[in-house]
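Biologist: I would like a close look at one part of this model, the aromatic ring contacts. Please keep to the rings and their surroundings.

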Amino acid sequence: MQDQKPFSIKNWAEGDRPREKLLQKGKMSLSDAELIAILIGSGSREESAVQLSKRILDSCENKLNDLGKLSVKQLTKFKGIGEAKAITIVAAMELGRRRRGEEAIERKQVTSADTVFEVMQPIIGDLGHEEFWIIYLNNSNRILQKLQLSKGGMTGTLVDVRLAFKYALEVGATSLILAHNHPSGTLQPSAADKQLTQKIKTAGESLDIKVLDHLIVTQKAYFSFANEGIL
């Protein structure tokens with residue numbers, strides 16, 4: 001008995017080929033499943049690449065944000081997805097995330113907490129662990145740089161306040177904004193969140209560097225210390 005070979009896109013009817021559809025009708029004409037099918041290239045004897053892609057998307061309730069959270073190990077649990085295809089999907093999702101982050105920085109001057117959320121949500125909003133970041137601003141409230149100060153949790157012992165202000169002086173920042181995520185989805189600040197905010201604010205006062213805000217970021221919303229009057 002001959003080995004069964006994957007059902008390649010090149011064997012489909014021409015009208016069903018996502019690559020050809022992209023060339024002839026443009027990238028906007030393709031569904032999410034068709035775009036993913038181009039990434040994985042082939043399905044199996046039982047289902048086409050598009051059908052396999054639809055099955056993966058169905059497991060994520062057809063949400064690309066949820067697909068972007070899947071690991072290589074989780075993706076390889078789908079029949080027809082080996083490690084190489086899983087890596088391709090993860091890499092594509094990560095490129096999309098980074099692009100969103102760059103666009104948010106390039107087009108926006110920080111004028112409100114909404115702006116900060118647009119910048120930081122693509123970076124930390126979907127993570128399964130906590131990360132603490134600082135956004136450094138000039139006197140026009142334009143972003144000079146962003147710095148991840150801790151990963152995996154957020155306590156006063158993990159956040160190096162001296163490093164935060166050392167970098168602020170190096171880039172010439174006149175103010176900064178703190179941001180961290182809550183993977184649980186809760187938007188309420190903890191006692192540790194408040195204490196750390198006050199610690200950094202006090203340190204900044206001696207250097208004439210203002211802490212403008214501290215945002216707690218989740219996938220779809222944020223909590224602003226400044227907006228709530230507790231900064």
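What relative accessible area does Y222 have?

Modeller: Y222 has a relative accessible area of 24%, so this tyrosine is partly exposed (buried means under 20%, exposed over 50% and partly exposed in between, with a 1.4 Å probe and protein chains only). This is a predicted model in which local features need pLDDT of at least 70 and side-chain atom pairs count only at pLDDT 80 or more, while totals for chains, interfaces and linings use all residues. Residues are numbered from 1 along each chain as its sequence is written, and side-chain values use heavy atoms, with hydrogens and water left out.

The structure has three aromatic pairs (Phe, Tyr or six-membered Trp rings with centres within 6.5 Å; planes under 30 degrees apart are stacked, over 60 edge-to-face, the rest tilted). In one of them, Y222 meets F117 with ring centres 5.4 Å apart and planes at 35°, so the pair is tilted. Because F117 belongs to helix α7 (residues 113–124) and Y222 to strand β5 (residues 222–224), the contact ties together parts 105 residues apart in sequence (helices, H or I, of at least four residues and strands, E, of at least two are DSSP runs, numbered from the N terminus). F117, at 16% relative accessibility, counts as buried, whereas Y222 is partly exposed.

Y136 and Y167 form another tilted pair, 5.5 Å centre to centre with 50° between the planes. Here strand β1 supplies Y136 and helix α8 (residues 161–171) supplies Y167, so parts 31 residues apart in sequence are tied together. Y136 is buried at 0% relative accessibility, while Y167 is partly exposed at 24%.
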